[in-house]
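Open the model in your viewer and keep the selection panel at hand. The tour below goes from one selection to the next.

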Amino acid sequence: MPTGKTATASGTTTGDVATISLPARRAAAQIADAKKDFTALSNEVRATLDAQYKSAGKTATPKLDELSGRALAAIALNQGGGFSRTEVSAAKAALQSREREGATGAIHGGSFAAYSQTLVTQYDAMSSEERQARGWSERTRDAAATLAAQTSGTMPSLFDQMG
């Protein structure tokens, strides 16, 4: 077996140990969770959090970074009432953080059109539960799509406007 360090699409391999990036783990979880019944997913997430508490102690902060957006929505919406206020708050904060990450990436593109198109793409990739947990509606998507169409090629980039 070859040794050394080899770059891969989702992380790095050193010797016999592979490291998969956080975005790749989230993407895999998103694909898997999209196929699950929402109630079953909620129960699975509850069991995952319980296992975390068992190993780290009941006062531990839930580790939500590898959960899919849909799993976070299951906690944030708390439809079955099985999650604590602390867990719901942490899930909402994680969803907001991911939203900011996406917006920051789009803003680095420098144009209103790119930012608006990123919002449309994010909306289309979300489950209905994620949209509900984030407070996004079809109107949110339509407004972003309209802005993307209106500003595409007609407005200078943000950096041009600042410079």
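Which residues in α1 meet Gly 69, Arg 70 and Ala 71 in α3? Select Gln 30, Asp 33 and Ala 34, the α1 residues that meet those three. Keep in mind that this is a predicted model.

**Stop 1**

**Stop 2: α2 and α3**

Next, select residues 38-56 for helix α2 and residues 69-77 for helix α3. Their axes come within 9 Å and cross at roughly 85 degrees, which means that α2 is roughly perpendicular to α3. On the α2 side, show the side chains of Phe 38, Leu 41, Ser 42, Val 45 and Leu 49. The α3 side of the contact consists of Arg 70, Ala 71, Ala 73, Ala 74, Ile 75 and Leu 77. By class, the contact of α2 with α3 holds nine nonpolar residues, one polar and one charged.

**Stop 3: Asn 78**

Move on to Asn 78, in the loop between α3 and α4 (85-108). Asn 78 is not a glycine, yet its phi is positive, at about 45 degrees.

**Stop 4: α5 and α7**

Select helix α5 (residues 112-125) together with helix α7 (residues 138-151). The axes come within 8 Å and cross at roughly 150 degrees, so α5 is roughly antiparallel to α7. Their crossing is left-handed. From α5, the contact takes in Phe 112, Ala 113, Ser 116, Gln 117, Leu 119, Val 120, Tyr 123 and Asp 124. From α7, select Glu 138, Arg 141, Ala 144, Ala 145, Leu 147, Ala 148 and Thr 151. The contact of α5 with α7 divides into nine nonpolar, three polar and three charged residues.

**Stop 5: rings**

Then select Arg 134 and Trp 136: here Arg 134 lies over the ring face, at 5.9 Å from the centre.

How many aromatic pairs does a search of the whole structure find? The count is zero.

Note on methods: Residues are numbered from 1 along each chain as its sequence is written. This is a predicted model: local features need pLDDT of at least 70, side-chain atom pairs count only at pLDDT 80 or more; totals for chains, interfaces and linings use all residues. Side-chain values use heavy atoms; hydrogens and water are left out. Rings of Phe, Tyr and Trp (its six-membered ring) pair if their centres lie within 6.5 Å; planes under 30 degrees apart count as stacked, over 60 as edge-to-face and the rest as tilted. A charge sits over a ring if NZ of Lys or CZ of Arg is within 6 Å of the ring centre and within 35 degrees of the ring normal. Axes are lines fitted to C-alpha atoms, for helices over the stretch in contact, and angles run from 0 to 180 degrees between N-to-C directions. Helices (H or I, at least four residues) and strands (E, at least two) are DSSP runs, numbered from the N terminus. Angles under 35 degrees count as roughly parallel, over 145 as roughly antiparallel, 65 to 115 as roughly perpendicular and the rest as oblique. Contact means heavy atoms within 4.5 Å. Ala, Val, Leu, Ile, Met, Phe, Trp, Tyr, Cys and Pro count as nonpolar, Asp, Glu, Lys and Arg as charged, and the others, Gly among them, as polar. A crossing is left-handed if the near helix is turned anticlockwise from the far one by less than a right angle, and right-handed if clockwise.
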